[in-house]
Amino acid sequence: MAAPCRHVGHHIKRNGRFLRINLDQLFASRGFRWTSALQQQGAEVHKESKEPIVIPRKKSWSSEAVLEALASTVHRDPTAYPYQFQDDPYLSPRTSTEFKLFSLSQESGRAAAKYFVNNNPKFFTKDFAEPHIPCLMPESVALRLEEVSEEALKERITLRKVSAAVEMYDQLLQAGTSVSMETTQELLDLICLYCDKNPVQEGAPEVADAEEAGEETKRRKPKGRRAADHLRTIWKENNNAERIFNVLPEKDSRCYSALIRGMVKHGAYSKAFSLYTDLLNNRLSADVHTFNALISAVPDVRDKFNERWDLITELLKQMNEQKVRPNLLTFNSVLKALRRCGFLAKTYAPQTLNEMKALGIAPSLATYDHILAVFYKLGSSGPNNTDIIQDMLTELEGTSFTCQDPHDVFFFSSAIRICLDSKDLELGYKVHSLVEVGDNWRLLGDSYQQSVYYGRFFSLLCMMEHIDVVLKWYSRIIPSLYYPNPQGMRDLLQALDTDGRLDLLPTIWKDIKTLGHDNKVDLVEELLSLMAREEHSPEVQESFAACALDVKSVFDGRSNMEWSTSSLSHVTTLLLRANKLQQAWDMLLLFKAKNKVPSEVLLNNFLSVCQSSGAPKRAVELVQLAAAFCLPATPVLAKTALAEFQLTDEQRSILSEFEASPEKETE
Amino acid sequence: MAASLSSSGCARLMTALARSSVLYNSFESRSLHVTAVCCKNQAARIRIGKGDKPLTYEQAHHPHQIAHRKGWLSQHTSNLKGVEGAAERTVEDVFIRRFMFGTFHGCLANEVVIKRRGNMLVVCALMLQKLPPQKFYFLIGYSESLLSHFYKCPVKLDIQTLQDKAVYKYL
């Protein structure tokens, strides 16, 4: 096929001139044949073109403009698991425990690899990468310099070896060499940051100290929320930092600053303030970080609200005198301290905000969070004035935030808690739209905070929204963003009940099993009671019966789940409604096995189903079972059975025995 | 052609031996027997056996089927004209295959496929579901990090799991 084209091209090249001349003549001849109308149109076009042509200014696109445009067409895939996991059903986490387990095991694998790399650096030093990638080179973890010198001290400080650094410093002082001021300051910073302990690395921490510290914190804070609280360090009396500090010939403000901030960080608040008074007596000035630390320590050194506020104002005045300019963290610590000042907060928080505005410092999410905490008390569900949060959200609409304060991550969960308490759905949607702006999802915090936020958001939806919208959100955020806890599933069940969509209960049961909540007995019992409460259409009843059998297999499979009377009777009722007589009979035998007594209603139900499906033998067995339980309803049952069923003589004789009063039975 | 080469080789060998006087001085003459070489291909070919050996698709097809019925196990651009580094890539591949075989011991269901995209190394492997998922993730994190530090480029693992090896036929 290629050959003919070549020929044609060749032909055109050779005869091109002829062809072109012919074509021109053709066009020329056609031109003369144009009608007058066309000619007039031609004239108009010519006139219009007399207007100035505005050439738009050339737009300059960034080099990633095409990629960004393509990326904007793709939204988050709600069916995908988080990207850090492998894309395989066996390796995807289904519950929140699995999520944590898998991500932690992946991290520990990485830590193991780093350990190997850092301990055998000679295999990893060959550098292929161009340009050089520093983070892929082995880090020096071992000390190289052993002699007593300032360089060795600096090396220990950079490698964060606290105790080795202190030792080296003492050796240097004993040897008589003077250490430069800068190195001393860095050493003090190091000791104060880590509270005189070596930072916890891959190896085990110093066990004895940790236990001791853990005991003390346990006594101080019996209601510690998480394990992290127990690892909090305590500033010991006369530790290395204080010792070195006291020995220093000249203490400058940076040394004071290190000590004060270390003391505040590790809980020695009153000492921090006494050291601050020392600083003032020596006529030095503190820097903004020291003031921030002192302000955040105020609620721990004074008990009364007005005393606290007075101390804060005094510190701020001194800050002004020392010509130290406050920053965002200063105001955030003021507001955080105000949270613990009770009724004073409502007066002074707006004043703090005005000061911020006067200084031109833009508030961060932590500021807003403190204000919400001041004006909206925890757990109050009365008619709250939602004006403040409404104004706040309207102002923040469409803004994207970066993290400027560690406390920023608590804003979204507090905001959604307020919406939940005041049962305001519109407000909740506003908060969520703020989360979806740009990169704000990063400010939802760690996985625990995220689960708190989504849990509250989902409960708000279940409470207030129509079931179709709830189910839409359900498919969007579960399980890709949030693994609901049993309370969340209960809210969903209530929402289904309110809107009469109980036919969806079997699918919800499947989700409960996937999430690993099928071992929560009260949740399963609630599900069963919702299913068994009313009669539904036959297909729905069939699905309910299948679901009930599934629940039964789950109960049988787990040894720690106990049947209760109500759950047994619900399952039996569901099976009876779907006319599954054999399985219902097995359930009654299970009653006997677990020593639970079936109710009269249930037995009557059973009898009527026996009658409709024509199983007289079953009816006799049922009456025998009722007699075995010594139920008072036995004679009634026997009478009904005799009356309504076609029975053989043998069966009649058995039943007539039971027709007698129960006292005779027990004899 | 093979036969003639060997006979000329044999002749040269005999003359070389003859030049050393060892041969003629010994009582027995020792000679070298060379048979005709059978030019048989035996690379990556599993021969027909009793019929009880399960083979995957990869193993069942011979190397001449590459680009017809099989793909490539290692994909990189160093074999193009003017691109250097083919030998280094091959050595890296060998190391990576042994590393994966050893780290995920007993779990590999098929050969490891190595793809190079940009400066990234993507190691794709099919695994059997022998280990619980958290152990898989530990090994995945460990391999990715160690290989990245070793080769100074981002290394990603793409793992898919199977219940059993996918048998194509029995030979």
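**Strands, cysteines and a pocket**

Mentor: In this predicted model, B:Cys124 has B:Asp158 as its bridge partner in E5(B).

Trainee: What makes E4(B) and E5(B) a pair of strands?

Mentor: Two strands pair if there are at least two bridges between them, and 8 bridges join E4(B) to E5(B), which run parallel, so the pairing follows from that definition. The chain goes from E4(B) to E5(B) through helix H5 (residues 133–151) of chain B, and this β-α-β crossover is right-handed.

Trainee: Which residues of E5(B) lie on the covered face, and which on the uncovered one?

Mentor: In strand E5 (residues 155–162) of chain B, the covered face holds B:Val155, B:Leu157, B:Ile159 and B:Thr161, whereas the uncovered face holds B:Lys156, B:Asp158, B:Gln160 and B:Leu162.

Trainee: How do you know that strand E2 of chain B pairs with strand E3 of chain B?

Mentor: At least two bridges are needed, and 2 bridges join E2 (residues 74–75) to E3 (residues 113–117), both of chain B, which run parallel; therefore they count as a pair. B:Gln75 stands opposite B:Lys115 in E3(B). With helix H4 (residues 86–103) of chain B, E2(B) and E3(B) make a β-α-β unit that is left-handed.

Trainee: In which sense do E3(B) and E4(B) pair?

Mentor: They pair in the antiparallel sense, over 5 bridges, and B:Arg116 has B:Leu121 in E4(B) as its bridge partner. Their hairpin has 2 residues between the strands, and B:Gly118 there takes a positive phi near 65 degrees.

Trainee: Why is A:Cys192 called buried?

Mentor: Buried means under 20% relative accessible area, and A:Cys192 has 3%, so the word applies. A:Cys610, at 0%, is buried as well.

Trainee: What makes up the lining of the second largest pocket?

Mentor: By class, that lining has 20 nonpolar, 17 polar and 10 charged residues, and the pocket has a volume of about 1500 Å³. Among the 47 lining residues, those closest to the centre are A:Gln450, A:Tyr454, A:Ser480, A:Leu481 and A:Tyr482. H21(A) gives the most to the lining, with 9 residues.

Technical notes
Residues are numbered from 1 along each chain as its sequence is written. Chains are lettered from A and ligands numbered from 1 in the order in which they are written. This is a predicted model: local features need pLDDT of at least 70, side-chain atom pairs count only at pLDDT 80 or more; totals for chains, interfaces and linings use all residues. Side-chain values use heavy atoms; hydrogens and water are left out. Buried means under 20% relative accessible area, exposed over 50%, partly exposed in between (1.4 Å probe, protein chains only). Helices (H or I, at least four residues) and strands (E, at least two) are DSSP runs, numbered from the N terminus. A crossover is right-handed if, with the strands pointing away from the viewer, the path from the first strand over the helix to the second runs clockwise. On a 1 Å grid over the protein atoms alone, a cavity is a set of points where a 1.4 Å probe fits but cannot get out, and a pocket is an open set with protein on both sides within 12 Å along at least five of seven lines; lining residues have an atom within 4 Å of a point. Grid points are joined across faces, edges and corners, and a volume is the space filled by probe spheres set on the points. Ala, Val, Leu, Ile, Met, Phe, Trp, Tyr, Cys and Pro count as nonpolar, Asp, Glu, Lys and Arg as charged, and the others, Gly among them, as polar.
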